[in-house]
Amino acid sequence: MTRRLRFNGTGSGEGGCPAVHEDVESGEVIVHGPPLTDPGDLNQLRHLGEGEVAVVVPRELLTDWAPKDRTRQARIIDLDAFGMLFENFEHTAWRLETRRRYASDELTDTYGQFLRGEAPAWDLETPWARTIKEKTTGGAMVCRVRIIDTPPTDGQRYLTAHAEKNEALGESIRNLPRAQADTLRLPAEDFWLFDSRLVALLRFDGEDNLVDVELITEPAEVVRYAMIRDAAWHQAVPYREFTA
């Protein structure tokens, strides 16, 4: 059976070798690189068995790129601490929204207004709104890609309308059909990526309530999420074009 491999990174300049891949099903790691050929070096390898080969990789390749999530201790923060991340980031906050429903949206007045066919009365003076407006006015970027089903759910339709408020606060919003997201093999994860160095992975319960957030700072994992960001942002469509 052919493995389903995910490219994790390379330690070379342009040739793509040596490199690390991960089997997304088993978690096994595959490393390829230039073979070790010097007889004196090979004679020092005590456990090299028949049919096995030795490859040479730089130490930083394994340090920076090898996946560590199998042994990593999750760092969980509550929603108050999560809110502080938006006050403290410096230049970029980027979000991938993959869910079909967010319970918190359904508790708002604007959600009811939208379902009744009314124009929602967006409040641009909430603490969240003021924080985001201050950031974007100061030159920071706040961006989102929202994955949309065909046909969209009520929650997704509401968020597409909510993009009007996001835009008023200086955010950049794009949409991506779920079929296209599946083709890109985007994960079914909701996350924020702050300053290309910190991932906030959002964790929901069975009723679609956001309960807490996992922080990820490992270089290899942060780069993986940055690759997801780049693929999604490149293929997604500005929300006004999408809704037209």
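Good morning. The structure is a predicted model, in which local features need pLDDT of at least 70 and side-chain atom pairs count only at pLDDT 80 or more, while totals for chains, interfaces and linings use all residues. Residues are numbered from 1 along each chain as its sequence is written, and side-chain values use heavy atoms, with hydrogens and water left out.

I begin with the chain overall. The chain holds nine helices and eleven strands; these are DSSP runs, H or I of at least four residues for helices and E of at least two for strands, numbered from the N terminus. Of its 244 residues, 40% count as buried. Buried here means under 20% relative accessible area, exposed means over 50%, and partly exposed lies in between, with a 1.4 Å probe and protein chains only. The accessible surface comes to about 14,100 Å², and carbon and sulfur atoms hold 50% of that area; the areas come from the Shrake-Rupley method with a 1.4 Å probe, and for residues only the protein chains shown count as cover. As for contacts (heavy atoms within 4.5 Å), 66% of those with a separation of 6 or more are between residues 24 or more positions apart.

Glu171 sits in the loop between α6 (154-168) and β7 (172-177). Its relative accessibility is 5%, so Glu171 counts as buried. The side chain of Glu171 makes a polar contact of 2.7 Å with the side chain of Arg144. A polar contact is a pair of N or O atoms within 3.5 Å; within protein, one must be able to donate a hydrogen and the other to accept it, and residues adjacent in sequence count only if both atoms are side-chain atoms. Setting aside neighbours within four places in sequence, Glu171 also has contacts that include Trp128 and Ile132.

With which side chains does the side chain of Asp190 make polar contacts? One is that of Thr98, at 2.7 Å, and another is that of Tyr102, at 2.5 Å.

In general, two packed helices are described by the angle between their axes and the distance between the axes. For α3 (residues 79-88) and α5 (residues 127-137), the axes come within 9 Å and cross at roughly 30°. The axes are lines fitted to C-alpha atoms, for helices over the stretch in contact, and angles run from 0 to 180 degrees between N-to-C directions. The two helices are therefore roughly parallel to each other, a term for angles under 35 degrees. Phe86, Glu87 and Asn88 of α3 meet Trp128, Thr131, Ile132 and Lys135 of α5.

Finally, two residues within helices. Val222 belongs to helix α8 (residues 219-235) and is buried, with a relative accessible area of 5%. Its C-alpha atom is 6.4 Å from that of Val199, 23 residues apart along the chain. Leu115, in helix α4 (residues 109-115), is partly exposed at 44% relative accessibility.

Notes. Angles under 35 degrees count as roughly parallel, over 145 as roughly antiparallel, 65 to 115 as roughly perpendicular and the rest as oblique.
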